[in-house]
Amino acid sequence: MEKEMVIVLDYGGQYNQLIARRVRECNVYCEVKPYNSPIEEIKKLSPKGIIITGGPNSVYAEDALLCDKELFTMGVPILGICYGSQLMAHMCGGKVATAPVSEYGHTEVTIDATDSELFAEVPASTSCWMSHTDYIAEAPAGFRVTAHTPVCPVAAMEDQSRKLYATQFHPEVVHTKDGQKMLFNFVRKICGCKGDWRMDSFVETSIQQLREKIGNGKVLCALSGGVDSSVAAVLLSKAVGKQLTCVFVDHGLLRKNEGDEVEAVFGPNGSYDLNFIRVNVQQRFYDKLAGVTDPERKRKIIGEEFIRVFEEEAKKIGAVDYLVQGTIYPDVVESGLDKSATIKSHHNVGGLPDCVDFKEIVEPLRMLFKDEVRRAGLELGIPDYLVFRQPFPGPGLGVRIVGEVTEEKVRIVQDADYIYREELAKAGCDKGLGQYFAALTNMRSVGVMGDFRTYDYAVALRAVNTTDFMTADCAEIPFEVLQKVMNRIINEVKGVNRVLYDLTSKPPGTIEFE
């Protein structure tokens, strides 16, 4: 399918795929490529524009990640962001050095060149997100400085004749007030993209590519019942029909009543014509997790057991060529992508064992964010109540129980979480929340109930506002609702005598506890 494309060259920053997402919001197709992609491969793709991302390195260091100088003479518009701006300056003859004053967080940026196409319709002073210890000390010859801050003389620069643009700040994050306008100006005005790419194009193209890739092969889909795996399952169903078998593993780490709810939707009496198998292996997972407290080990164990269960089920139904998973990009980037830092491994990314009994693992949603997955789900005709279901991590309650996982702790967090979700729904507070749940801390404390001393667990409640799950802010739940939730949990859930509310944003925290 012929389409306009913008390439993002990945230099290892945490927001790199977020850039691609912002470009797609401009209805322009975008792909992320490794920083060291050969120049000839880039040319073959005929990109309308190139964006160079941020990253943790210094361009003047011995082990710096650089690029072919020819990149800047291709005549294709290029936007360098953060490290990408420093790389552009360094490769084009400017000077990059350690900044006398580092800048982190919200920063007021003064636009010096209001006639710049990049800053069209952007105020002369705007709040941007900075995160750098190096800076451009001297812009290369031929460049003009287009923005500055009190401590950063080159907050943005450009050479219009060579179609080279750079920002020291991050326009891709929501904290940069006019960032989306700047990216729109780059891809639609400077690159000249028409903006004719839509999510229906992604769905149509994906089905066609999956059909061609899989051919007559048999496919096994890891179906959890969450939005990611559900969209992946329906996508595969439309591509290969009855060649697909969906396996739902009830590992005993699901939310209360969730196993039966998933079977009701996807099982024999459900809405979809799928080969559906439910595997009840709760005790198997509890045994494997006994005595394990390290969160990374728990993720690895859960990930490997998932694969082993799928292998066993595959053998029962005959030879299976492909394993399909609902992996999305936040899973990938947090698990460490190329030069990006590993935050935590996910059961379906960093948690995969080294050897699996499948020809290949297929992840059709790997490059999408959660909101994009939902849009794809609506495009596929999946009902709203499934598409907008609360996200649930693959390792389930295994990462919402701090410390060792036991059957008793699972019961506690299931009951507490059920009460929390029920009360938020009653109060109408659940609308618009990115994610909300109850977690079980590993802390026990003294309490008093009915004139008797107790020594029980503390439950932590979490609710965040987010669009892309890469960043998140604590949601302000009304105090009277939290108080009602607290009263019900302490009175109805045996083993709990204290309820806390987590105010932490992401970053510095993550949305899940482990």
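**Notes on the predicted model**

1. Helix α4 (residues 179–190) has 12 residues and reaches 15 Å from its first C-alpha to its last, close to the 16 Å expected at 1.5 Å a residue. The expected span of a helix is 1.5 Å times one less than its number of residues. Helices (H or I, at least four residues) and strands (E, at least two) are DSSP runs, numbered from the N terminus. After α4 comes G192, with a positive phi near 75 degrees.

2. On conventions: this is a predicted model, in which local features need pLDDT of at least 70 and side-chain atom pairs count only at pLDDT 80 or more, while totals for chains, interfaces and linings use all residues. Residues are numbered from 1 along each chain as its sequence is written, and side-chain values use heavy atoms, with hydrogens and water left out.

3. The buried residues of α4 are G179, M182, L183, N185, F186, V187 and I190. Buried means under 20% relative accessible area, exposed over 50%, and partly exposed in between (1.4 Å probe, protein chains only). These buried residues pack against β1 (5–10), α1 (16–25), β3 (49–52), β4 (78–81), β6 (125–138) and β9 (164–167). Contact means heavy atoms within 4.5 Å.

4. Nine strands form an open sheet with mixed pairing, in the order β2-β1-β3-β4-β9-β8-β7-β5-β6. Two strands pair if DSSP finds at least two bridges between them. β2 (29–34) and β6 are at the edges with a single partner strand each, so one side of each has no neighbour in the sheet. On average, neighbouring strands of this sheet are turned by 20 degrees against each other, direction ignored. Axes are lines fitted to C-alpha atoms, for helices over the stretch in contact, and angles run from 0 to 180 degrees between N-to-C directions.

5. Within that order, strand β7 (residues 144–148) pairs with strand β8 (residues 156–159) in the antiparallel sense, over three bridges. Opposite V145 stands M157 in β8. Helix α3 (residues 83–91) packs on the sheet and touches β3, β4, β5 (95–111), β6, β8 and β9; the direction of α3 makes about 115 degrees with that of β4.

6. S127 is in strand β6. Is S127 buried or exposed? S127 is buried, at a relative accessible area of 18%. Neighbours within four places in sequence aside, S127 is in contact with H106, T107, E108, H175, T176 and K177.

7. A further open sheet has five strands with parallel pairing, in the order β12-β11-β10-β13-β14. Its edge strands, β12 (275–280) and β14 (360–362), each pair on one side only. From one strand to the next, the twist averages 25 degrees.

8. β11 pairs with β10 in the parallel sense over four bridges, and C221 stands opposite C246 in β11. Seven of the seven residues of β11 are buried. L244, C246, F248 and D250 point one way from the strand, while T245, V247 and V249 point the other way. In a regular strand the side chains alternate between the two faces of the sheet. At the other end of the order, three bridges join strand β13 (residues 322–324) to β14, with V362 as the bridge partner of V324.

9. Helix α9 (residues 295–317) lies across β10 (219–222), β11 (244–250), β12 and β13, and runs at about 135 degrees to β11. The axes of α9 and helix α8 (residues 282–289) come within 10 Å and cross at roughly 145 degrees.

10. Helix α5 (residues 199–214) has 16 residues and reaches 22 Å from first C-alpha to last, close to the 22 Å expected. Its buried residues, M199, F202 and L210 among them, pack against β10, α6, β13, β14 and α11. Just after α5, G215 takes a positive phi of about 60 degrees.

11. Helices α6 (residues 227–240) and α11 (residues 370–379) pack at about 40 degrees, with axes 10 Å apart. α6 and α11 are therefore oblique to each other; angles under 35 degrees count as roughly parallel, over 145 as roughly antiparallel, 65 to 115 as roughly perpendicular and the rest as oblique. The contact is made by V227, D228 and V231 of α6 and K370, V373, R374, A376 and G377 of α11.

12. Lastly, strands β15 (residues 435–449) and β16 (residues 452–465) run antiparallel and are joined by 12 bridges. F437 has R462 as its bridge partner in β16. The hairpin has two residues between the strands, and G450 takes a positive phi near 60 degrees there.
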